[in-house]
Structures are given as structure tokens and as C-alpha cells.
Amino acid sequence: MALEIIMDTDPGIDDAAALTMAINDPAIDLKLVTAVAGNVTVDKTTANALKIVHFFGKDKEIPVAAGAKQPLIKPFEDAARIHGASGMPGYDFGDDYGHAIEKSAVEALHDEIMAADEPITLVPTGSYTNIALLFSQYPEVKDNIKEIVAMGGTLQEGNMTSAAEFNCFTDPHAAKVLYDSGVPIVMVGLDITLKALLTADTLDKLAGLNKTGEMLHALITHYGDGGAEGIPMHDVNTIFYLLHPEAITTKEMWVDVQTEGPAMGETVGDIRGAYHDGKTNAKVCVDIDAAAFNKWFLEEISKIK
């Protein structure tokens, strides 16, 4: 039986690749996509999610709902410098890609989670604003969530400040709500996403695989992240974790989120287990088989008809 998931996302180039994997791998049943302001404004992230769902002809199967326009408290700061003004430059998806459903992201999340026969997996790959609003308005949903596999955070250096990763920096107060929620969390952060770089060889092979490879190659070559060593596909690591947890090393610990001052958005792991009476609130991904990630990435795309 396929794993039922919901993706809460802010496409974004790496989000587009993560959606591609989630839509097409038969081991995953993507029930709903909710969009949030992050890489670009929420009108653009919603449109970009619709474009990817439409590209694969899943308009009637996978609803897309628009969510929060700004963080809970902190002023909104996008990542258009990395993802371009549209969030997904480089490929022409056309103008006829459908519309978001009338329900807000929070309402859609509530309804889908409560209707699920078995506890569902949430996969947020943008800021966690929609999830925080959901938990504050409908705390009962927590009982029907299997786990949250969240891209974001880092135990090491950030990519927005020296302390903070982008998703947690974008809405640190929402990140704190997430980590204080009591729901099982897997932190898929920069500790692995900056190791699992798409190599030049992988990128060279991508465009020639099929139409999907051509689309992703066009997007990724417009991505303002990475360098000579390769290109990080941050959000794709969440799907890789769900499908191949054996390729990722994790460590249980307590993670606190800083919400004020120059360390705003920092995820502080109690790596010694010294400050929370031995309790943990997250499974933190700390290492990854980068070669396996590259091999899987190409294999996943090559299977898409």
C-alpha cells in the first residue's frame, strides 16, 4: 500500500523536483498540495504547484490549496534571488494550468487529515506557517498525523544567517510551534542536503532522459544555489528519506528554535542530551549516501512516462 502524504510547499525549483518525485513514485500517494509564502509570494508558489501537478496530468487527482501570505509575526523575506522572480524560471508551462481549490490551505489540511483512514504523513518543504496555523486552530489533527518529515533547520551553519536555514528563518515562530507540537518530526536539514549535491554528471544526463528530465534540467540550470561541487536539491531529500531511509543516518535529539535576535531561526539540537531530561522531539538527519541519492534521482526521472 502506498504511503499517503500531504506536501506543504513553496515552489521553488527544488520543491518542483520534490513534487515531481512525490507525484510519480508508486510507493507514494500524494493526497493534497498546500502552498505557502516562502521562496516567492504565495500567489506564485500556488501557481507553481499547479503547474507541476498539471504537467503530470494530475489536476483532478491532487488538489492544490493556497495558504499563508506571510509569516506569523516576522516580516516576509523571499528567496527570489535564488529561485528567480517567478520561483520557477527556465521552462514554459503555459498559462492553462488550472486553479487552486476554494478551501484555504488550513481548511484543506484539516479536512484531508481528519478524513484519512490511517494517520497521514506531512511533508512541509517551505516555511511552516500553514502547519502552525493548522495546529493552533485544529489541535485535534495531531492525533491523525503519523509524522512530519520537514525540510529545514541545521545543526551547523545556516544559509540565511550563520545560524539559520531559510525555512526556519522565514517563519521562526511557526518552526517553534512545529517542534513544540508533540508530533513525531524528522528534521531534513542542511546537515544532509548540502552533502547530497547533484553532480555535474547527473545534471548532464538529466535533460536526455525524457520530457520530465528536460523540464527539471531547465529549472535546475536557472537555480542560484550550489557551486562547482554540485547543486543541492534540498526539498527532494524529504522524498528520498521516505523511500530510502536506509541511505540516511539519523540521531534522536531535542531541537529548540530561536525566535528572537541575531540567531532568529536557528535550530539548536541538544546533541549531548543534557538539557531536556533525556527527552527528544525530533529525529535529525545527520548523514546521507550522496552517490545513492544521485543514482536514485536519475532512476526516478527515467521511469516517468
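Reader: How many disulfides does a search of the whole structure find?

Author: The model is predicted, and side-chain atom pairs count only at pLDDT 80 or more. A disulfide needs two cysteine sulfur atoms within 2.5 Å. For Cys168, the nearest cysteine sulfur is that of Cys285, 13 Å away. The number of disulfides found in the whole structure is zero.

Reader: Is Cys285 buried or exposed?

Author: Cys285 is in no disulfide, and the nearest cysteine sulfur, that of Cys168, is 13 Å away. A residue counts as buried under 20% relative accessible area. Cys285 has a relative accessible area of 0%, so Cys285 is buried.

Reader: And what is the relative accessible area of Cys168?

Author: Cys168 is also in no disulfide. Cys168 is classed as buried, and its relative accessible area is 0%.

Reader: Which helix supplies the largest share of the lining of the largest pocket?

Author: The largest pocket has a volume of about 260 Å³. Helix H1 (13–24), helix H3 (80–83) and helix H6 (166–170) each give at least two residues to its lining. The largest share is three residues, and these come from H3.

Reader: Which residues lie nearest the centre of the largest pocket, and how many line it?

Author: The lining of this pocket divides into seven nonpolar, six polar and seven charged residues. Nearest the centre lie His83, Asn159, Phe166, Asp225 and His234, and the lining numbers 20 residues.

Key:
Residues are numbered from 1 along each chain as its sequence is written. This is a predicted model: local features need pLDDT of at least 70, side-chain atom pairs count only at pLDDT 80 or more; totals for chains, interfaces and linings use all residues. Side-chain values use heavy atoms; hydrogens and water are left out. Buried means under 20% relative accessible area, exposed over 50%, partly exposed in between (1.4 Å probe, protein chains only). On a 1 Å grid over the protein atoms alone, a cavity is a set of points where a 1.4 Å probe fits but cannot get out, and a pocket is an open set with protein on both sides within 12 Å along at least five of seven lines; lining residues have an atom within 4 Å of a point. Grid points are joined across faces, edges and corners, and a volume is the space filled by probe spheres set on the points. Helices (H or I, at least four residues) and strands (E, at least two) are DSSP runs, numbered from the N terminus. Ala, Val, Leu, Ile, Met, Phe, Trp, Tyr, Cys and Pro count as nonpolar, Asp, Glu, Lys and Arg as charged, and the others, Gly among them, as polar.
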